[in-house]
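Biologist: Let's go through the labels on this model one by one. I'd like to hear what stands behind each of them.

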Amino acid sequence: MNIITGHGPGFVAINGQVKGQGLVVTHDALIEPWGELGFEALDETAFAVVAKLGTSITLIGTGKRQRFPSVALLRPLIESKRGFEIMDTAAACRTYNILVAEGRSVAAALIIEP
């Protein structure tokens, strides 16, 4: 099972492996890269990748601070009729671990900033 074992400026650790670029993590999958060019470079395709995972909830970690993507970018998630939450990356990491420990079907799409 994929657990986020650490996070900080410029990295997220999944099961002890340090990752320095944006990624998507679920309990049994890791998609790299995702959002590697930062929040401003996100496009609809990035969210379509996440929507296709079929998890019941998706956490969007937008970097050091919470920022909201436009509705146009979020359309794939909205149309998937699954829940999503937008928060800063540190909060998304903490929330992911809680939900995955509860056995929930969750994905965390994380932007990593230096």
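Biologist: Where is the place of glycine 35?

Modeller: Glycine 35 is in the loop between strand S5 (30-31) and H1. Before going on: this is a predicted model, where local features need pLDDT of at least 70 and side-chain atom pairs count only at pLDDT 80 or more, while totals for chains, interfaces and linings use all residues. Residues are numbered from 1 along each chain as its sequence is written, and side-chain values use heavy atoms, with hydrogens and water left out.

Biologist: Why does glycine 35 count as buried?

Modeller: Its relative accessibility is 12%, and buried means under 20% relative accessible area (exposed is over 50%, partly exposed in between, with a 1.4 Å probe and protein chains only). So glycine 35 counts as buried.

Biologist: And which residues is glycine 35 in contact with, leaving aside its neighbours within four places in sequence?

Modeller: Leu42 and Ile111, where contact means heavy atoms within 4.5 Å.

Biologist: On to the loop between H1 and S6, where threonine 55 lies. What makes threonine 55 buried or exposed?

Modeller: Threonine 55 has a relative accessible area of 8%, so it is buried. Sequence neighbours within four places aside, it is in contact with Thr26, Arg82, Ser105, Val106 and Ala107.

Biologist: Serine 56 is in that loop too, between helix H1 (44-51) and strand S6 (57-61). Why is serine 56 called partly exposed?

Modeller: Because its relative accessible area is 38%, which falls in between the two cut-offs.

Biologist: What lies 2.9 Å from a polar atom of the side chain of serine 56?

Modeller: The backbone oxygen of serine 105. Ser105 is also among the contacts of serine 56, with Arg82 and Gly83, once neighbours within four places in sequence are left aside.

Biologist: Now the helices. Why are H1 and H2 called roughly parallel?

Modeller: H1 and helix H2 (residues 71-79) pack at an angle of about 15 degrees, with their axes 8 Å apart. Angles under 35 degrees count as roughly parallel (over 145 is roughly antiparallel, 65 to 115 roughly perpendicular, the rest oblique), so H1 and H2 are roughly parallel to each other.

Biologist: Which residues make the contact?

Modeller: Glu44, Phe47, Ala48, Val50 and Ala51 of H1, and Ala72, Leu73, Leu74, Pro76 and Leu77 of H2. By class, that contact has nine nonpolar, no polar and one charged residues.

Note on methods. Helix = DSSP H or I, 4+ residues; strand = E, 2+ residues; numbered from the N terminus. Polar contact = N/O pair within 3.5 Å; in protein donor to acceptor, adjacent residues only side chain to side chain. Axes fitted to C-alpha atoms, helices over the stretch in contact; angles between N-to-C directions. Nonpolar A, V, L, I, M, F, W, Y, C, P; charged D, E, K, R; others polar.
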